[in-house]
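Trainee: I'd like to learn how to read a model like this one. Could you walk me through it?

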Amino acid sequence: MEELRHKYIAAIAAAADEVAIESLRVQAVGKKGEISLRMRELGKMSPEERQTAGPALNALKDEINSALAARKASLADVALEERLRAEWLDVTLPGRPVRRGTVHPVSQVTDEVTAIFADMGFAVAEGPQIETDWHNFDALNIPGHHPARAEMDTFYLARPQGANRPPHVLRTHTSPVQIRSMLSEGAPLRIICPGRVYRSDYDQTHTPMFHQVEGLALDRDITMANLKWVLEEFFSAYFGTKVKTRFRASHFPFTEPSAEVDIQCSWQGGTVKVGEGDDWLEVLGSGMVHPKVLAAGNIDPNEWQGFAFGMGIDRIAMLKYGIPDLRAFFDSDLRWLRHYGFAALDVPTVHGGLSK
Ligand code: DAH
C-alpha cells in the first residue's frame, strides 16, 4: 500500500498537463484502476484483515483523488500566470492616430442639393461622361452648324479608323441626361442629374472639368410658375435664408422660352452674401423644354410639357462656403482639403439640417 501511495503521489506531482493527470486517475482510481482492483479483493479477506485494509484503501483513494485535484488546480494557476504574463497590455499608452479624410465640398454640396430636391419629389438620374454627339447636341436642338457648339469648347474623342459617325465628346453639360431619362423613363418625369462636365477652358473661374446639376420636370400642366417656385424653394433651403430670384429673358436652343436666373446678393465689405442686398448674381440657365427636345426624347409635345434648368455645382459651393478660387477645387492640396472639407458623418438632410 505504501508502495502504491509513493508511486502515484510522485507521478501526480510530476504530471505535466491535464491529459497526464487524467490517465493517472484512470490508472489508479478508475473502474479498473489499481486501487479499485485492490478494493475488490477486500471480499476475499478475513474480517480482521478487512478491518485494517478497508479504511486504509479508502484513505489512499481519497488521498490520490485530492492530489489529482490539487495538481490540476496548480497547473491551471500556472497556465493563467503564463497568459497574464504573455498578454500584458499597457492601457496607458497613447492610441495610434486614425487619419481621417474629409468630404470634398463638391461631394458635400451635391449631397445637399440632392437632399433638397429629393424632398420635392425629384429622383436622381445619371448618364455617361463620354457622350454621343447626338445626345450632347442634336437631341437638344443644337444642330451641326449652331454657334452653341463652337461656344462650348468641346473635347472630342478620337474615332476608330474608318468610322464615319461623328466623334463622341466629353459631355459639355448635364443636359444630355434629360434625353436619356426621357427615352428610358417616359413622362411624367421629375429628376435631377448631378455630375461632371468638360470644356476646354482654364482661369480663376473655369476649369476643364467642373460639375453641373440638371433639373427636369415633365407633366401635363407644368409652367414657368412651378419653375420659379421650385428654384426659390431650393435656394432658400440651400443658403438657409429666404433668397429672391430674378428671371432674365435669355436664349438656349433646348428651351422656349428661356431664362437666366440671378439670386439676390450683397457685395458689402468685398465678400459676397447671398439673400441680402440689392445686387444680383447669375447662377443658372432654365426654361420650358423645347418641343423638339421632347420629341427627341420620344415624348409627345402635344401631351406633355415641363421645365428644365442647369446649374453649376462648384459655383454654388464657392458662394455658400466662401471659397475664392475654383482651380483649388481640383488641386488635391491636403491643406485645402482639410480646411474646406467636411467630416464624413456630416450627412446633409433637409430636416436634420444641411451643412453649416
Ligand atoms: N446646359 C446649359 C449650359 O451648360 C445650362 C442649361 C440652360 C440647362 C438652360 C438647362 C436649361 O436645362 O434649361 O450652359
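Mentor: Let's begin with the naming: helices and strands are DSSP runs, numbered from the N terminus, and a strand has at least two residues. By that scheme, strand β7 covers residues 255–266, and Pro257 lies in it. Keep in mind that this is a predicted model.

Trainee: Now the ligand. How many residues surround it, and which are the closest?

Mentor: For this we need a cut-off: a residue counts as near if one of its heavy atoms lies within 4 Å. Here 15 residues surround the ligand, the closest being His173, Ser175, Arg199, Gln212 and Glu214. By class, the shell holds four nonpolar, nine polar and two charged residues. Strands β5 (209–219), β9 (279–289) and β10 (305–312) each supply at least two residues of that shell.

Trainee: Which polar side-chain atoms lie within reach of the ligand's oxygen atoms?

Mentor: A polar contact is a pair of N or O atoms within 3.5 Å. Arg199 places a polar side-chain atom 2.8 Å from a ligand oxygen, Gln212 has one at 2.9 Å from a ligand oxygen, and for Gln178 the distance is 3.2 Å, again to an oxygen of the ligand. Taken alone, the ligand exposes 360 Å², and the protein buries 90% of that.

Trainee: Which pocket does the ligand sit in?

Mentor: The ligand sits in the largest pocket.

Trainee: Finally, how is the chain divided into domains, and what separates their centres?

Mentor: The domain assignment gives domain 1 (2–86) and domain 2 (105–340). Taken over C-alpha atoms, their centres are 89 Å apart.

Note on methods: Residues are numbered from 1 along each chain as its sequence is written. This is a predicted model: local features need pLDDT of at least 70, side-chain atom pairs count only at pLDDT 80 or more; totals for chains, interfaces and linings use all residues. Side-chain values use heavy atoms; hydrogens and water are left out. A polar contact is a pair of N or O atoms within 3.5 Å; within protein, one must be able to donate a hydrogen and the other to accept it, and residues adjacent in sequence count only if both atoms are side-chain atoms. Accessible areas come from the Shrake-Rupley method with a 1.4 Å probe; for residues, only the protein chains shown count as cover. On a 1 Å grid over the protein atoms alone, a cavity is a set of points where a 1.4 Å probe fits but cannot get out, and a pocket is an open set with protein on both sides within 12 Å along at least five of seven lines; lining residues have an atom within 4 Å of a point. A molecule sits in a cavity or pocket if more than half of its atoms lie within 2 Å of its grid points. Helices (H or I, at least four residues) and strands (E, at least two) are DSSP runs, numbered from the N terminus. Ala, Val, Leu, Ile, Met, Phe, Trp, Tyr, Cys and Pro count as nonpolar, Asp, Glu, Lys and Arg as charged, and the others, Gly among them, as polar. Domain bounds come from an automatic or database domain assignment.
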